[in-house]
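Please open the model in your viewer and keep the selection panel at hand. The stops below go from chain to interface to core.

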Amino acid sequence: MIKTKELGKTVSTSEGDLTILKGIDLEIKKSESVAIVGASGSGKTTLLSLLAGLDTPTTGQIFLGDHEITSLDEEERANVRSALVGFVFQSFQLLASLSAIENVMLPSELSGDSGAEAKARDLLERVGLGHRINHYPRQLSGGEQQRVAIARAFASSVDILFADEPTGNLDTTTGQHVIDLIFELNKEFGTTLVLVTHDQRLADRCDRAIHIATGEIVVPDPVPQVISSSAV
Amino acid sequence: MNVLNLALKLLWRDWRAGELTLLLASLVIAVGTVTTVTLFVDRLQQALVAESATFLAADRVIRSADPIDPEIIAKAESMGLQTAQTLGFASMVFSEDRAQFSSVKAVDGDYPLRGRLIAGDEPFVRGAPVDEGPAPGELWMEARLFPSLDVQPGEMIDVGVASFPVTKVLIKEPDRGGGFSNAGPRVLMNLADVPATEVVQPGSRLSYRYLFAGDWNKLEEFSEWVALKLGPEARIFGVKEGAEGIGEALDRGERFLLLGSLLGVVLAGVAIALAAQRYSLRHYDHVAIMKTLGATPQSVDLIFIAIFVILGTLSTMLGALIGFAMQAGVAEILSPYIPIELPAPTMKPVLLGLVTGFICLLSFALPPLLKLRSIEPVRVIRRDLGDPSISDGLTYGFGVLGTLALMWWYSQDLYLTMMIFSGAVVSLVILFAIAFLMLRSGRVVGMQAGSAWRLALAGMQRRGNENTLQILVFGLAIMLLLILFLVRTALITEWQSQIPEDAPNHFAINISPEDVSPIRSLFDDNGVGSQPLYPMIRGRITTVNGVSASERDKRMGDQRDDAPRSSSGRNLTWSGVLPDDNLIVDGEWWPENYEGPPLVSLEQELAERNQLEVGDELVFTVQGIEIPTQVANIRTVAWDNMQPNFYIIFAPGSLEAFPTTFMTSFFLPKEQKLFLNDLLREYPTMTVIEIDALIEQVQRIIDQVTLAIELVLVLILASGGLVLLASIQASMDERMKQHAILRTLGAGRRLVLGSLLIEFCALGFFAGTLATIGSEITVFMLETEIFELEYSVNPQLWVLGPVVGIVLIGAAGLLATRKVVETPPANVLRELA
């Protein structure tokens, strides 16, 4: 479903070029759930933006479904995103001027789907917010906002869901609920899930984890048994 | 995807969330102000021209020494124009035992086409407007003629060989005017009676005037057609060419109103640009999220262009409607103060307002919206990304082009447009540099100061670029207002000084030499202020440096239009002292008791157009005798000062031997008008030309133009206020956020308000200072190049500018940001998150 070849990203700074990612080769299969794990500044979020076609690499290729998105322009990449990709962000990224249902309807409206409202209503029911569909983001708690974001991510029947630290702004209990919801819907819709996290417990719930350190994929040191078992 | 549908939804959601309020308000007020100003100016202009037309008793006049081809009148009538005819001549009129030289005007039944005749039944009463002049077989006379001819209303008067009863006293005629053909008190008669008088003989000096009035476009068409038909002895003119003083006042007044509209448009544009910029900024994240959800750049363009079109249509319509209502309100409120009746508004200015609104939108609001297509979707993850990559050059380019196009369209005057535009650009570049330096120096001062000061100045420094831009916008708004204020003041001062209260309002000519000193004593005894009595003698230049003057004229003929020719016959005078208001520009004036070879002084235009210089040898022919002279100096003359003015003045000692008459001008207040009778009875050979009515009329029209200017100034001020508010709003989010954070850290109300106040006052001070510098530069260019006024530095401005800046921006800024201390910081931060 997702494949990269020799993927690299370099940015220019006042102190010279800075390599954020280099030589990333990976492959993620359909319906697989993969965690991208690494310390802050390791390049995991950049990798996610590149995989999702939100940003362009300096070198290498990315294949998303049948599309080689590195050869596409922004217009075409947007079309690919519209057809294939959904997002859940750490900071929710709901539009403040839209109510919960309007936020969930937006992807369907953008892709011209009919029945956007019924679908959105249904999804909000599904994430347990059927009674708050007309509330605005500022009237919702962090967990509720993230649930709206999850409903939005699944609104246009996408093949791949990208999640960037989806529990980063939530307390443990709420975070756990959100994670449960993501995995539940992921299973139900058969989507491929790619999530960025530095939460080992979350990573452990995925089929596998890709570890990034200083911009490269690394094989992690063996995890001490005691932590590993407590996470299960 | 149904873009329109989605755009409508987004628009509605934005509206509901209050995101559109400022943009919509800017658009509506901008279009509203422009429509109001344009409509009002249009109505005022129409009214002023109509009012001024009464000065001619018509919209257009053909003046001719001979009757014109009847085909011309027929053509005018076939075009639906009104016509009337008058004939003027000078003649003696007789009562039973007295005679008086007078200026007779014969009019037909349609006269006057514009303005009213005022007539009374008794001399020296107020009288009432009447619709027509005297009926055939009747005569009207000016009040002053009754005592001088010793007649009563109803008695008979002879004109030529015919006798007529005097049926009314003529108090006022609209086209009285001045000039030598109108010398002497007026007798008004019917045109049909002229043949019976037998006054009109071959060789008589006659002035035929054919009057036309009607639709403006038809008049223009008729004028063009007729100009080709008329011989050299006839010409057609409107009020602007017909009345020198009024034409100039109207011209300058119109230019000012135009300038006002132009500045109004620029101010409106700036307000729209700022509001659109803010709208666009607040949608960066919005668009980034939409893009992650699959919105393509093209669909972003389509959505926001659709929003733009819907918004633009709504706001321009609403603005035009408000503008229409507002100007009606303004006209209604001001009607007691406007001494003229305003004609009904036309649709043209409404259309102008609509088109202006859309051009403003295209050039000022569209560019920031188009930026949105370039927002990178990765922004949702990396919030630190700056502005999208679309260049500011493009954004400003749109604005510059739009402004230029609008200015040109409004003024129809490329020179005026380029003048203001280049002045503004040069000023802006200089000002930008100064603003930046000011901000840096503010930081240095701030480091030594208390906490509120340090906070304020450090904040200003940190947002250096935004603040420099904001100072420029504030400065620009204040500068435009100052420019308008300064030009208005200069214009009004100029007009007031042009015709002072006690300016001479009568000319006396044909005074014989022996009457000079008794007349002077008579003036003194009656307390009449008069100018010196100048001798006046006809003569002409025959050779210039040995070359025939008429040959030279022919040679130079092509390059000159209506310039004074050197070989024409002129009134010459001599004087030991330089007349008032004359300035020597080359050479030197001679001593008062000069004795030596003949010298002459030439007026500047005469000298320049005929390429005459100091030291040139001129030979004059006066009464058949040749006088060789040398040009001693060149001088300027204030032609509009209502005093005897001469193109050529001789030094004492050359002309005294010739028989000559004298002339002077004097001021006679209305209540002393009867003094003229005594004067003329005692000195019957002299002629008095009364220009008091003319002066009064000029003054009234100037008063009206002045009022129009003041009104437009007030409207533009309102527009300027809007720019200030929009500009403060545009930078509000950043300030609110910073101060909300400070509040969470425990900063007290005093500190936050204090630092906000200092920041806005400092911005105001910088902006005011910049505005002062900018307006001095632009006003210098405008006054010297466009309004042809004398420029002088305005010291009060250097205090006024910064003070206005501090007060306006300090107050508006504080008012707009006070919310930050009244709202819990968490709410502010949540809203801006």
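The tour that follows names what to select at each stop and what is there.

This is a predicted model, in which local features need pLDDT of at least 70 and side-chain atom pairs count only at pLDDT 80 or more, while totals for chains, interfaces and linings use all residues. Residues are numbered from 1 along each chain as its sequence is written, with chains lettered from A and ligands numbered from 1 in the order in which they are written.

Where pLDDT is low, the predicted coordinates should not be read in detail. The model as a whole scores ipTM 0.82 and pTM 0.64.

Next, select the interface, where 25 residues of chain A are in contact with 23 residues of chain B, contact meaning that C-beta atoms, placed from the backbone, lie within 7 Å. On the chain A side, α1 (44-51), α2 (74-84) and α3 (100-110) each supply at least two residues, and α2(A) gives the most, with six; these helices are DSSP runs (H or I, at least four residues), numbered from the N terminus.

Finally, select A:Val194 and B:Ile272, the residues with the most contacts inside the largest nonpolar core, which has 173 residues. Such a core is a set of buried Ala, Val, Leu, Ile, Met, Phe, Trp, Tyr and Cys residues joined through C-beta atoms within 7 Å, and buried means that 20 or more other C-beta atoms lie within 10 Å of a residue's own. Around B:Ile272, leaving aside neighbours within four places in sequence, the contacts include B:Leu27, B:Ala30, B:Leu361 and B:Phe364.

Technical notes: Two residues are in contact if their C-beta atoms, placed from the backbone, lie within 7 Å. A residue is buried if 20 or more other C-beta atoms lie within 10 Å of its own, exposed if 12 or fewer, and partly exposed in between; C-beta atoms are placed from the backbone.
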